[in-house]
Amino acid sequence: MAGKVNRIGLEPITYKGSKTTLCAGCGHNAISERIIDAFYEMGVDPQRVVKLSGIGCSSKSPAYFLGTSHGFNAVHGRMPSVGTGAMLANKNLIAIGVSGDGDTGAIGIGQFVHLMRRNLPIIYIIEDNGCYGLTKGQFSPTADLGSKLKTGVVNDLPPIDTCALAIELGATFVARSFSGDKKQLLAILKAALAHRGTVMLDVISPCVTFNDHEGSTKSYAYVKDHDDPLEEVSFVPFFEDISVDYEPGTMQEVTMHDGSKLLLKKLEEGYDATDKIGAMKRLHETARRGEFATGIIYIEPDRDDFLEQLNVVDEPLATLPLDQVRPGPEALEEIMESLR
Amino acid sequence: MPPSDVAVQQQQSTSGKQRVVNDFSIQVATVNGSGSQTANIVLLRSLLLMGIPASGKNMFPSNIAGLPTWYTIRASKRGYIARKKEVDFLVAMNPETAKEDVLTLDPGAAVVYDEPLKLKELRDDLVFYPVPFDKLVAPVCPDAKLRRLVRNMIYDGILAKLLGIDLALMEKALNKQLGKKAKAVALNAGALKAGWDYAEANLTKQDPYALQPMNETVGKVLIEGNAAAAIGCMMAGVTVVAWYPITPSSSLCESLIGYMKKYRMDKKTGKATFAIVQAEDEIASLGMVIGASWAGARSMTATAGPGISLMSEFTGLAYYAETPAVIFDVQRVGPSTGLPTRTAQGDLLSTAFLSHGDTKHLMLFPTSVEEAYEMAIESFDLAEQFQTPVFVMMDLDLGMNNWMSSGFKYPTKPINRGKLLTAEKLKELGQWGRYKDVEGDGIPYRTIPGDGMPSYFTRGSGHNAKAQYSERPDDYVDNMDRLSRKFDTARKFVPKPEVDKVNGAKIGIIAFGTTHWAITESRDQLREETDVKTSYYRLRGYPFNDSLTEFIDQHERVYIVEQNRDAQLRQLMKLELSPERQAKLRSVLHYSGLPIDARSVTDDILSQEGFEVAKKEVRVVEAGLGGMTGGE
């Protein structure tokens, strides 16, 4: 009996990775599961995928999904540059980068900022737990004001809102989700795979060992109580012939680069995920209330990505034949003559 | 220095009697941002058009406009192109430094100067040619705003007349330099003529320096080392370049952008067969290079010392995860910001072992623009062959100065992409492990994303031969030993030294990079002046190979000449040499920021050899170009 396969004929097991070594109940594991589901359901060829990460608990996770894809666990906070290089080398690749709130917001803020500006095609996920797990629970730059460590230390520095920052810097797909919200996270990940450009996805992912206690604003309990979804996200891939009926004015429909449809069912009047200024305003308002706005916060589906801006040839640069990358003797002679 | 009767007598006895033909240096002292570079290059080109071997060196400040700058042109019938320590002919255009520039000249030197500076009063053992530049420039340049720039071309006209350069030939050089800018050519040609006419009518030749046509420059090109390296990179088939602007390496990537836009656009689609990214810093530059080469692209960056420091962590990753990377280090004076526009060979030790833990890296040492071109090509092959970072150790002198060279040869070797796993090889191997030493040379087979071969997980953390995470002691040791084996294999593949073994020579000299040019001249001086014979070992690559110990064994004393304070090459060599061989090593060190000159090397070696060396007064010029303080 043939097992279940996806549209390119691959079984779910092809998308699995090695066994996780993270703590039982870690939000990151749930995110890995959703990544596996999304890539399977979208029928992405794992041979084309490159998994990238920095350093930290989050950055270990690419080993736990898509075990047949190439992976690169780079240095702390510098995954964006490695991912950029890989995509420059081969534009046919699909890049997914996994970072953490320390890896992105502290040591890696510089590379993060410039990645967002370039609109490189990459899905950049922050597994955000507000603390450094691998070094035993110090605050990270996304820790909220007043949030308390297990030791009783209170954070008195304002947090970096990575989503607001990403929108400000020019990212073209900015979303926030919660590792505990399977449905929303899966829909966002599938939409991310249909986007051509930088996807910045901040996933609140509680650290069960160091930041899941009373007084923490990144605990399961706190996040569940303060999740403020902007919309109900559903995604219809281009290869599925499904039409969705909805009352006019209740749904925002966004056509993605590959023809897929992103459907955002409005939960409140007037939120428009394509309005940059509105999105920024909404993030600030939600944060002031001590809540997390989740869903697709901002999307700009048709901006040129970095590779289009650089006008590179259609074939991967990595495998161009010699005659395309070494000019002939006449070129060298012309240069020499100009120097005589 | 007070003028002395002796000096005056000497000057009188030499002038007019002994002509000094095609063997002297001209120094032009100006203010940076005044357009003097055009005038200086035109002068240099004129010498080359006359068939006279010549070199030009720019000693400029870390500043855009308004600070003192010096340009030295050396004519040498014997083909010496190192910096000449003494200035024979000064063009003093900068009021800030003029006095000091004049006071530091040797007796008998000639000075063209801006008349209002009244330099003639300073010394009577020099030959002075006052020129009223402002009066001359006004009629030939009606636009007052342009006069500051055109003014400098007048001294070219003056020098043409005084030294014997055909004016038509100088105009040809001007045309070459300014190319299609017809208006600028006309304006500057007018200035040339004005200078010439003034000299003809008002100046009487009193100095001994003269130029005469030779036939030594046929087919030669004039090019900066950075541009030469850029051409090499293009010919090597580089596809991904990431860089961050830093003196003195910026012009390498900027030249490369120019050449690539001209020669590397796909003819059918008009699209680029390359991606060049100006990154946010040197860290990101190397990160992009590593990501690109991991994904199979030929990839490079160029930087200077401060960038090398920043690249330390990523270099360790590339070494341990075994991704190729080509890194040009156009060395400048450190530590820290140091002297950003001055030359040095001071990054050797830090680069050889860049990053934490046990790391060691391949380095190439180009000496000439031709070698900058050739080693650029070779570096990409080595990086892919050894799956490791390769550092091309240039310096500011090579990178940013114009050098005369033969035309570059078109590469004949095909590109070597190293051990990329293929379907056939996989079948032959049966089982593939990313870090498995199959052939005993320490070099494993690699796959790249999207090539259809087995994937692996790349990491800077501990891993075994199958690229799995591992903290096992035996896995760690095996892997580190294999990396050492790979490094040893590289000894046979990095560029071999150029050895000139002289029969009967008891003294050996070891040098690398631009120091070479002072060594060739110094060896002649040693032989001709004191009959000291020397052999010479020009190092071209690191790790060292067996020929090094052989060379040391053949000589009683070996001088290692380098442009840094701490004898970095000597220290690097000592790590691999027996105590007996170490005892033979001596150092000649030059680290003033100015390119090394032959006289200093010769005097230093002679003094260490026990000869009496006439100690000259330490001149301000040597102490660091007098007026060069303040401003940044």
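**Exercise 1. In which helix of chain A is Ile35(A) found, and is Ile35(A) buried or exposed?**

Before starting, note that this is a predicted model, where local features need pLDDT of at least 70, side-chain atom pairs count only at pLDDT 80 or more, and totals for chains, interfaces and linings use all residues. Residues are numbered from 1 along each chain as its sequence is written, while chains are lettered from A and ligands numbered from 1 in the order in which they are written.

Step 1. Find the helix: Ile35(A) sits in α1 of chain A, residues 27-41. Helices here are DSSP runs (H or I, at least four residues), strands are runs of E with at least two, and both are numbered from the N terminus.

Step 2. Apply the burial rule: a residue is buried if 20 or more other C-beta atoms lie within 10 Å of its own, exposed if 12 or fewer, and partly exposed in between, with C-beta atoms placed from the backbone. Ile35(A) has 27 C-beta neighbours inside 10 Å, so it counts as buried.

Step 3. Look for partners beyond four places in sequence: Ile35(A) is in contact with Phe65(A) and Leu189(A). Contact means that the C-beta atoms of two residues, placed from the backbone, lie within 7 Å.

**Exercise 2. Work out how α6(A) and α9(A) pack.**

Step 1. Take the geometry: α6 (residues 162-169) and α9 (residues 276-288) of chain A pack at about 160°, and their axes are 10 Å apart. The axes are lines fitted to C-alpha atoms, for helices over the stretch in contact, and angles run from 0 to 180 degrees between N-to-C directions.

Step 2. Name the arrangement: α6(A) and α9(A) are therefore roughly antiparallel. The cut-offs are under 35 degrees for roughly parallel, over 145 for roughly antiparallel, 65 to 115 for roughly perpendicular, and oblique for the rest.

Step 3. List the residues that meet: Cys163(A), Ala164(A) and Ile167(A) come from α6(A), and Lys276(A), Ala279(A), Met280(A) and Leu283(A) from α9(A). By class, this contact has six nonpolar, no polar and one charged residues. Ala, Val, Leu, Ile, Met, Phe, Trp, Tyr, Cys and Pro count as nonpolar, Asp, Glu, Lys and Arg as charged, and the others, Gly among them, as polar.

**Exercise 3. Which element gives the largest share of the side of chain B that touches chain A?**

Step 1. Count both sides: 54 residues of chain B are in contact with 48 residues of chain A.

Step 2. Consider the contributors: elements giving two or more residues to the chain B side include β9 (221-224), α8 and α10 (282-294). The largest share, nine residues, comes from α10(B).

Step 3. Sort by class: the chain B side has 32 nonpolar, 15 polar and seven charged residues.

Step 4. Check α8(B), residues 225-235: 11 of its 11 residues are buried, so this helix is largely enclosed by the rest of the structure.
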